[in-house]
Amino acid sequence: MGKRSVMAATAVLSTAFLVPAILNAQDQPRPAMSCPVDHEQLADILKKSVKPGGGPGNGGFDNNEWAAVVNRQGLVCAVAYSGTKVDDQWLGSRAIAAEKANTANAFSLKDKAMATANLYAGAQPGGILFGAGLSNLPSPAVLYSGSPDEFGTAHDPMVGKPVGGVIVFGGGLALYDGNGIAGALGISGDSSCADHNVAWRVRHLLGLDRVPAGVSPNMKDAIIYDIGPDGKSPSGFGHPKCNGKEDQIAVDLGAGVSGNVVR
């Protein structure tokens, strides 16, 4: 047998042995994703945090809501809704909730939290974060993959995937446990101000509100209602008031500060 024939036979045999090994490696289960919250926890606490589920009012329309959680790597951990069926809440808010969670995680650090509500003023024309909303585009392939019948269930097709997206209005909060930042939560389905209130309640009930610091002087990553008639935010991190009683509820809840207390 010639030298070339020997080399070819060796290559074929090597490939034959390698292919099963590669297939076996691909078949091995991946390590479990580290998540601060699972679907059952999220769905249960969300229902208790909105008026249609027997919880308190949050201002706005008091609609049913969507909730999504991402881990620190930005992978979706859980998606849930508070109603009894998927169209009891705004269908478009599933994607927004996931993008709010992604945003709060992406702009928060171990030692400083940034709520999506804190990004509003800076993202306006002339602001220091203008254009942020287009900086990390959401993935349509993740948002709309799988069967709609599984949306909001424990088997939501977004789970385990990075959704992307940046939202610059209320409803997204970073999650903090005893070891630091663990991911983030997004709530959507009502006014952005009400979404912030619901997110604040859900985070507290999850026990993941050990926020170390933030841009709000008193309440860390609270929503700051300091935008004046001229559209300016003295703090640089303000959010407009909505049409209902959301701002009053936020102050009572400890989830917001009014303009006269912002330094």
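**Reading the disulfides**

Reply: The link of C193 and C242 is right-handed, with 80° about the S-S bond. This is a predicted model, in which local features need pLDDT of at least 70, side-chain atom pairs count only at pLDDT 80 or more, and totals for chains, interfaces and linings use all residues. Residues are numbered from 1 along each chain as its sequence is written, and side-chain values use heavy atoms, with hydrogens and water left out.

Me: What is a disulfide, and how many does the count come to?

Reply: A disulfide is a covalent bond between the sulfur atoms of two cysteines. Here a disulfide is assigned to a pair of cysteine sulfur atoms within 2.5 Å, and the count comes to two disulfides. One joins C193 to C242, S to S 2.1 Å; another joins C35 to C77, also at S to S 2.1 Å. Counting bonded cysteines along the chain, the pattern is 1-2, 3-4.

Me: Why is the disulfide of C35 and C77 called left-handed?

Reply: The torsion about its S-S bond is about -90°, so the disulfide of C35 and C77 is left-handed.

Me: Which of these cysteines are buried or partly exposed?

Reply: Buried means under 20% relative accessible area, exposed over 50%, and partly exposed in between (1.4 Å probe, protein chains only). C77 is buried, with a relative accessible area of 9%, and C193 is buried, at 0%. C35 counts as partly exposed at 31% relative accessibility, as does C242 at 22%.
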